[in-house]
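Reader: I have a new model open on my screen. Could you walk me through how to read it?

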Amino acid sequence: MTFVYHSGTTLYVSAMATCTSAALLGSGPPSPLFARIAKSAVPLIFLLYSSPSEINGTKEAWKALSKELDDVRADLDGVTSKVNPDRWQNMGKQEFEAACKKFYAEIDKTQACCNNIGDSLGGAAMMSMAAAAFCAAGATALLWVAIAKQAARGAGPIAIAIAESIATAAGVIYRQGLKKTILNGGKALLSVTLIIGMGVMLLQWLTSSTTQGLTQAATPTDMKSMPMFEQVVIEGLPPSLDKAPGKGEGTA
């Protein structure tokens, strides 16, 4: 599906060019109404213009961030798994595990936020691509109608009138479809924008709170909350340098 998104902008540009061609080709008598309708479709398509590929790329970036958080969790688990629990049981192990538990909880919240933003962007990319396909298909249909209208000019007044009415009706239907797409798509994209904005603010808050929590866990300011360390006596070490032979004695 990703490779299809790359054609989105091309479809939008092609639709605007095709509507312009249809307006020029269908501007002949008996009425210029079709040409005006076809021209009015161009700015409507421009309002819908967006890049499904770029939107989808941003979605992938948020999804990748969520996966990187899994790597952070795995790296931290890997570091702690290499330490013998008995050796640091009385050297802050419980406090460290409590800090890790809080950190993992913040990771879960951040991952959920990233995934929600990614899903919203994925929906926006699909909407943009669907709008591009509709614009291109409708513009192509208008061009064929304009060609038929031009061809009917040599078939008599009745055929000209029928072709004109069909062309005008087709133009009105297409323009109404564009307006409806703008209205519905605008509401949906506004909702997506609000979700992304709130998600980014939530992500910033989670990141700030997580960093602050880890800093406090690493450098506690409350002396009562600091872990109690036990004195360790290591046997077999050489005597102190202060008692080393020859220190402070003169040479003969």
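**Reading the fold**

Author: The protein has six helices and zero strands, where helices (H or I, at least four residues) and strands (E, at least two) are DSSP runs numbered from the N terminus. From the N terminus on, the order is α-α-α-α-α-α. This is a predicted model: local features need pLDDT of at least 70, side-chain atom pairs count only at pLDDT 80 or more, and totals for chains, interfaces and linings use all residues. Residues are numbered from 1 along each chain as its sequence is written, and side-chain values use heavy atoms, with hydrogens and water left out.

Reader: What share of the 252 residues is buried?

Author: Buried means under 20% relative accessible area, exposed over 50%, and partly exposed in between (1.4 Å probe, protein chains only). Here, buried residues make up 31% of the 252 residues.

Reader: How do I read the contacts?

Author: A contact means heavy atoms within 4.5 Å. Among contacts between residues at least 6 apart in sequence, 87% join residues at least 24 apart.

Reader: How many disulfides are there?

Author: A disulfide is a pair of cysteine sulfur atoms within 2.5 Å. By this rule, the count is zero.
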